[in-house]
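Please look through the structure shown below before reading on.

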Amino acid sequence: MQENVLLQMRQIEKSFPGVRALGGVDFTLRKGEIHALMGENGAGKSTLIKILTGVYHMDSGEVRVEGEKVSIHSPQDAQNKGISTVYQEITLCPNITVAENMFIGREKGIWINHKEREKRADEILGKLGIPARAKQQLGSCSLAVQQMVAIARAVDMQCKVLILDEPTSSLDDKEVKMLFDLMRDLKSRGVGIIFVTHFLEQVYEVSDRITVLRNGELVGEYLTEELPQVELVSKMIGKELEELSSMGEGDDKNAEAGEIFYEAEGLSSSETYPFNFNIRKGEVNGFTGLLGSGRSESVRAIFGADKVGGGSVKIKGKPVKITKPIDAMKNGIGYLAEDRKRDGIIAELSVRENIILALQVMNGMFKPISRSEAEAFADEYIKVLNIKTASRETPVGSLSGGNQQKVILARWLLTHPDYLILDEPTRGIDVGTKLEIQKLVLKLAEEGVSVTFISSEVEEMLRTCSRLIVMRDKHIVGELKGSDLNQTQVMKTIAGGEA
Amino acid sequence: MENSKIRKREPLTDTQLLMTITIGIFITMYAVAMIALQGGFLHAQQIFDMLNDNAPLIIVSCALTIVMIGGGIDISVGAVTSLTVMACVLYLNNGGNILVSVLLAIGIGLAFGLVQGFLISYLEIQPFIVTLAGLFFARGMTTILSVNPQKAEHAAFNKLREVQFVIPWLGYTARNGNVVPARIELGVLVAILCVVLVFIMLRYMKLGRNFYALGGNQQSALMLGINVKRTRFMSYILSGLLSGISGYVFMLHTGAGNATNAAGMEMNAIASSIIGGTLLTGGVGNVIGTFFGTLTLTTIKKIVVSSGLNDPWWQSITTGGMLCFFIILQSVVLSRRAKKKSA
């Protein structure tokens, strides 16, 4: 039909036991365009990508590459057909050189000509402006550069379609810019790029076209310049715009009056300098600062997750000792860790088992929670938090990121904490779930639970917190409340200098 | 682009770094022994003796290095060596042919490699368990073949055993005034050939580089298009093959089969590989390092003996201590490196 159509997916359907992941989705990619694939978690983005890369097989539908109907059997097969994917987690080997990572597994013959390879690798790296050297051990490059090496490999394999799955989530601003330059360069060479991300600004910065999915259905395909950001958000979450804006400024920031629940003086851990901190009953406050400023380390110190150095802690005015997470839990403190994959979920266990985990630990091993009780708890929280799962016995690993986060949240809510610490609870999850979690935080506060909230998105913190503790270089540099709680003031305090 | 010509040398990879450390430590240790203990350490024959006595260990250490780089482990190598010796001695004593005996050794090794490799790679059973079973099996088979030690009584073979390379100018003058020339046994040549071939395989062949990728990150190796199962399978086949060769070299050195031959050799081979800079976690290692690892290990033992600590346990204790020292050294060096990168 059109000359420059590179990839066409038509009426793609895919079901998993109990869940229909994709119901007749169309997707079209043209030559030399950057096409953002957007949607909430569970919208079907990953499923669509995985069908395209041969990880999953579609139930029905057809895929055409340059007009020719293809069936893709495996990731290897996809690569041979010119479809390459660069995943969020680097899928290269850190222990061998950059050049080897670019060529291994795709050469014929028995012998390797290192010289030739390294020359070629340096050429490609130079051409694409990637700051890596062929002979360098890959592990000595930054994550961003490693990702670019993966892209260079794909480019050298003559890929026509390049899929970038959340490529920017572990990169800093400078690295993101480098990646975008590379993407634009590839685009000018006629490569079609599918860009999957949660960062809206990045979509507007780099993409030409946007396809939005919701609940496994196609919402539509739009030119980026013709779709305002608010509208994109509303299309993704399928909610009315009013609801979004009414979230604006929370009114219930009147927690000044409550009694002090937790108070630390000179608290320090192996990762922090001594600091003072307190939180009132029903208060929502937050630690803010740049990544690495010590905000996570501070809450870890409160929870006793790192080796505690010194300082005194009072809960409801009574001195207590918190040196281990179990001490904190016994004192009614819950902690939702920053890295949910590493510190949070146990992927192989079911939703039910993950939810009752913390409660079981609190009860001790001699007071097991009965099966029926556990099932009731699980069902209750799946409903309350609107967790999208096939059943309560589904392994948590197969849920989408946002729903995994809700499972962990359910785990802590079940212990009825007086004080809940949420470290980046909304990272890498979709807008809709983000809003749900923010609402939940405010609701908990109304019920008298104290919450400490950490997020990289200042806007989100301003919306939920009544007091912000600003950190820079592992020190608390300011505390903002009331009228000081605005974006400019926060930025100024983080950046330092005169306010 | 201009400065690409005056770019300084690439920093060492982890593999190169660990190997360099090992060689450095070996040379220092040997130099200290030469100065402090003198005696045998001043003669070239000391090194040749170490090689003569440990040629089989060098070969199975190569085998372990291959398997460990691929992220696996093979503890059957010593037992397979022992079984090979016994089988070949009995075969020769029953009027066998030398060439066929070599093929028999290789065949036994390959058979173990094939079966173990298949179980580990295609049925995905833990390598430790599979090769532990292989160890018991081979030890048992050796005893079934003969409970009593068997001396090789085969004219042609015993001639072959006596093949030595004599280097007069590296010899020394004994106390009675006789000049004793330096002697290198045939097995050492085989061992060095193995080291060279394995080195070439690991460095310049696709298969060798695939071992590194496999040990570095199995999932990534798969995504990079490497046939992970076949690669792992090959590592165990090579390990079996080298164990068979090690058995033949062992027989050339001792000339007798014994159920207790090569007891604990697998542990010494693991130790040699680790001292030589191979990481148990896979993906890092080098057979030249392993060669020096074996030399380091045997030098430690020689030093202990020369220091008058003749009881066998002193060797074990110092070996254990050194192994600990090397592992700590490696992890300190690598973690400092990782810190530097993130800084």
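Predicted model: local features only at pLDDT ≥ 70, side-chain atom pairs only at ≥ 80, totals over all residues.

## Helix packing in chain B

The crossing of α2(B) and α7(B) is left-handed. Among the residues of α2(B) that take part are L51(B), A55(B), I59(B) and I66(B), and they belong to a contact in which α7(B) is represented by residues including V188(B), A191(B), C194(B) and V198(B). By class, the contact of α2(B) with α7(B) holds twelve nonpolar and two polar residues, and no charged ones.

A further partner of α2(B) is helix α11, residues 265–275 of chain B, and here the axes come within 8 Å and cross at roughly 65 degrees. This crossing, in which α2(B) passes α11(B), is right-handed. The residues L57(B), V60(B), S61(B), L64(B), T65(B) and M68(B) of α2(B) make the contact, together with residues of α11(B) that include M265(B), I270(B) and S273(B). The residues of the contact of α2(B) with α11(B) are seven nonpolar and five polar, with no charged residue.

How many helices and strands does each chain have? Chain A has 18 helices and 20 strands, and chain B has 13 helices and four strands. The radius of gyration of chain A is 25 Å, close to the 23 Å that the globule rule gives for 499 residues, so chain A is as compact as a globular protein of that length. For chain B the radius of gyration is 21 Å, close to the 20 Å from the globule rule for 343 residues, so chain B too is as compact as a globular protein of its length.

The table sets further values for the chains side by side.

| Chain | Box filled by the C-alpha atoms | Buried residues |
|---|---|---|
| A | roughly 70 × 50 × 45 Å | 47% of 499 residues |
| B | roughly 65 × 50 × 40 Å | 46% of 343 residues |

Among the contacts in chain A between residues at least 6 apart in sequence, 69% join residues at least 24 apart, and in chain B residues 24 or more positions apart account for 77% of the contacts with a separation of 6 or more.

## Where the chains meet

The two chains touch, with 22 residues of chain B in contact with 24 residues of chain A. On the side of chain B that touches chain A, α8 (206–216) and α9 (218–223) of chain B each supply at least two residues, and α8(B) gives the most, with five residues. By class, this side of chain B has ten nonpolar, seven polar and five charged residues.

Is D430(A) buried or exposed? With 23 C-beta neighbours inside 10 Å, D430(A) counts as buried, because 20 or more such neighbours are required for that. D430(A) lies in the loop between β17 (419–423) and α16 (431–446) of chain A.

Most residues other than glycine have a negative phi. E66(A), however, has a positive phi near 50 degrees, and E66(A) is found in the loop between β4 (60–65) and β5 (68–70) of chain A. With 15 C-beta neighbours inside 10 Å, E66(A) counts as partly exposed. Q158(A) likewise has a positive phi, of about 60 degrees, although Q158(A) is not a glycine. The loop that holds Q158(A) runs between α5 (143–156) and β7 (161–165) of chain A, and Q158(A) is exposed, with 11 other C-beta atoms within 10 Å.

Terms used: Residues numbered from 1 in each chain as written. Chains lettered and ligands numbered in written order. Contact = placed C-beta atoms within 7 Å. Nonpolar A, V, L, I, M, F, W, Y, C, P; charged D, E, K, R; others polar. Rg over C-alpha atoms; globule rule 2.2 N^0.38 Å. Buried ≥ 20, exposed ≤ 12 C-beta atoms within 10 Å, placed from the backbone. Left-handed = near helix turned anticlockwise from the far one by under 90°. Axes fitted to C-alpha atoms, helices over the stretch in contact; angles between N-to-C directions.
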